[in-house]
Amino acid sequence: MDAKKLTEGQRSYEAKRAAKAGMSLEAWLRDKEKRAKEEAAAAAKVTVAEAPAKKPGFFSRLMDRAHKPI
C-alpha cells in the first residue's frame, strides 16, 4: 500500500491502526505490505503442494486394461 494512493479516510484508518501498534504510518504500511507478500507466497506454496493427483481418463484406463495379461 502506498500512502500516496490512499484516500483521506483510508489514511486516517491506517494511522489509527499504526498508532495502536505503536508505529509510524510509513512503518505500518511497509510492515503490512511485507506481511501481505509473505501470506500470498505461503498460500501459493500450499495450493501447489496440495493439488490432488488427477484420475486417469477413460481411454487411458481402457488401454491399461488392454495391456494387462488375462
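Colleague: What is the average pLDDT of the protein?

Modeller: This is a predicted model, and the average is 86. Of the residues, 87% score at least 70.

Colleague: Which element has the lowest mean pLDDT, and which the highest?

Modeller: Helix H2, residues 25-49, has the lowest at 87. Helix H1, residues 8-21, has the highest at 94.

Colleague: OK, salt bridges. How many does the structure hold?

Modeller: Three.

Colleague: Which residue does lysine 32 meet in a salt bridge?

Modeller: Glutamate 14, at 2.6 Å from N to O. Lysine 32 sits in helix H2 and glutamate 14 in helix H1, so the pair ties together parts 18 residues apart in sequence.

Colleague: Is glutamate 14 buried or exposed?

Modeller: Buried, because its relative accessibility is 4% and the cut-off is under 20%. Lysine 32 is partly exposed at 23%.

Colleague: Now arginine 11. What does it form a salt bridge with?

Modeller: Glutamate 8, with the closest N and O atoms 3.2 Å apart.

Colleague: What about aspartate 31, which side chain does it meet?

Modeller: Arginine 35, at 3.2 Å from N to O. They are four residues apart in helix H2, about one helical turn. Aspartate 31 is partly exposed at 27%, and arginine 35 is partly exposed at 34%.

Terms used. Residues are numbered from 1 along each chain as its sequence is written. This is a predicted model: local features need pLDDT of at least 70, side-chain atom pairs count only at pLDDT 80 or more; totals for chains, interfaces and linings use all residues. Side-chain values use heavy atoms; hydrogens and water are left out. pLDDT is the predictor's confidence in each residue, from 0 to 100. Helices (H or I, at least four residues) and strands (E, at least two) are DSSP runs, numbered from the N terminus. A salt bridge is a side-chain nitrogen of Lys or Arg within 4 Å of a carboxyl oxygen of Asp or Glu. Buried means under 20% relative accessible area, exposed over 50%, partly exposed in between (1.4 Å probe, protein chains only).
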